[in-house]
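Subject: The structure, with some notes on its helices

Hi,

Here is the structure I promised to pass on. Please open it alongside this email, and my notes follow below.

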Amino acid sequence: MKWGIPVISKIKEYIKDKNLLKYGDSIVVGLSGGADSVCLFRVLVSLREEYGLSLYAVHVNHGIRDGEAEHDEYFSKMLAKKYGVCCTVYAYDVPMLSSEWKMTEEEAGRRARYEAFETERNVRGAVCIAVAHHKNDQAETILFRMCRGTGIRGMMGIPAKRDNIIRPLLCVDRSDIEAYLKNIGQEYVTDSTNEIPEYDRNRLRKCVIPELEKINPSAVSHICGMADKLSQIYEWYDIECGRLYGEFVTDDGNSLKIRAGVLAGLNCALASEIIRRMIRALSMSLKDIENGHIEGIRGLADMQSGKRVNLPYSIVAEREYEYIRLYTACHEGTECYEESENKNIVVDVDAIIKHGKSEYILHDIYLPEYMTYADKLKISLEIRSYNPNTDIVTKNSCTKWFDCDKMKDKMALRRPQANDYYFIGDHRRKKVSRYMIDEKIPRQYRNRIFVFAEGENVLYIVGGRAGNGCYVDESSKNILVINIMKM
């Protein structure tokens, strides 16, 4: 019996068990020229007739190893040609992309490869992309994530199938691959970057895993077996976390929040996973999220309002009264608001008197009384005559009436300023900043409020409180009616 037969049988059984292939599938195969990808290529070629496969190889030149890279490219093209498979080469300057994308060369190379695979898949109309991860890669990935700090999902390692990516070799290890290639007489190339000790995965491959195998030669298989068991447990865990997330996490469109008491009362594992899901919802990634970040957020449950934790991807977690809120930093502070289309609208009351009515569109606005945010809102200002005997002053947060004749200065619709105040009696003032604290307006929304003001005297916090300055009374004759309407 040939050495290659048991490996093929193992892979075929794995493909069937994980439902990785169907008859007639068209597949883009990542072909670097290294042992793993060459093994994958030869296995799929051997299954081509049985499964009715259409194969398309892709080789990615990373622009790193000069002459060596050209040799690997030539080898891959010739191997594909030998077996009647079209091989498309994609060239990238990975060092430049690493700088541009602000990530390591390892990360940039991986991103470039998958971009190339997906591009070719679309060009060919292929069903899936086959890549050559095997058991050793699985063990390295799990160990790497453990070192960085990960949740249960991260401990499951690399899936056999995700979206249109399949990994038929996850059932075999590196020694199986080398034995298979040796016994079918297939050569392959060696990537010198696999020896660079500065690469984290190379240190795991060259230093850590060999030491673990001294403790138990089956260490890699046991690590992968643990990942399989965890994936079975995760099915229940995922459903339960999804239920709790839907019940307790509130999404207001710009941030996510959960009651601190609820988070503190959850099982530690469930609480941590809910936090990870909140982060993923804001960033679409957990790659740079470590266990210390998760614990820091959980710790906010025991802290006072205003305490915060800064996370990767410009995410901020903040204790906000009875809640813990997560939001991206670009939604907090003044930098974003300076990009608004209108920060300071001078209201010409005389012009409104002449024309009867004026309308404005406000962008990026928080309405305090409704505790809601709007991308865009219409506000109308209308001058009317007033008869105290027949007219009833409207009292709600969307419509406000003011005495035009009491206005002494130019009026403006603008963002709040440090010295703004409003009258809460005939002579008693209250700072707008104090109002925001007393009303528990979230920190990230305090610069998204608009006020209608005469100098520093705020007549109306749009969508919230009105001051007693320029109030309508029995002596009023001409009134300014402000109306706000969502769009």
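Let me start with a kink: helix α9 bends by about 35° at V208, and a proline, P210, follows within four residues. Please keep in mind that this is a predicted model.

**Around the bend**

Helix α9 covers residues 200-215, which makes 16 residues. From first C-alpha to last, α9 reaches 22 Å, close to the 22 Å expected at 1.5 Å a residue.

Is V208 itself buried, exposed or partly exposed? Its relative accessibility is 34%, so V208 counts as partly exposed; the cut-offs are under 20% for buried and over 50% for exposed. Leaving aside residues up to four places away in sequence, V208 touches L143 and R203.

The buried residues of α9 are N202, L204 and I209. Among the elements covering them are α6 (135-148) and α10 (219-248).

**How α9 meets α10**

The axes of α9 and α10 come within 8 Å and cross at roughly 100°. That angle makes α9 roughly perpendicular to α10, because angles of 65 to 115 degrees are counted that way. On the α9 side the contacts come from I209, L212 and E213, and on the α10 side from A219, V220 and I223.

Helix α2 (residues 35-51) and helix α8 (residues 174-183) have axes that come within 10 Å and cross at roughly 60°. The two are therefore oblique to each other, and their crossing is left-handed. From α2, the residues involved are A35, D36, V38, C39, R42 and V43. They meet R174, I177, Y180 and L181 of α8.

**Helix α12**

Helix α12 (residues 268-283) also has 16 residues, and it reaches 22 Å between its first and last C-alpha, close to the 22 Å expected. Its buried residues are L270, A271, S272, E273, I274, I275, R276, R277, M278, I279 and S283. Which elements do the buried residues of α12 pack against? They are the helices α10, α11 (260-265) and α13 (291-299), together with the strands β8 (255-259), β10 (315-320) and β11 (323-328).

Happy to go through any of this with you.

Best wishes

Terms used:
Residues are numbered from 1 along each chain as its sequence is written. This is a predicted model: local features need pLDDT of at least 70, side-chain atom pairs count only at pLDDT 80 or more; totals for chains, interfaces and linings use all residues. Side-chain values use heavy atoms; hydrogens and water are left out. The expected span of a helix is 1.5 Å times one less than its number of residues. The bend at a residue is the angle between axes fitted to the seven residues ending there and the seven starting there. Buried means under 20% relative accessible area, exposed over 50%, partly exposed in between (1.4 Å probe, protein chains only). Contact means heavy atoms within 4.5 Å. Axes are lines fitted to C-alpha atoms, for helices over the stretch in contact, and angles run from 0 to 180 degrees between N-to-C directions. Angles under 35 degrees count as roughly parallel, over 145 as roughly antiparallel, 65 to 115 as roughly perpendicular and the rest as oblique. A crossing is left-handed if the near helix is turned anticlockwise from the far one by less than a right angle, and right-handed if clockwise.
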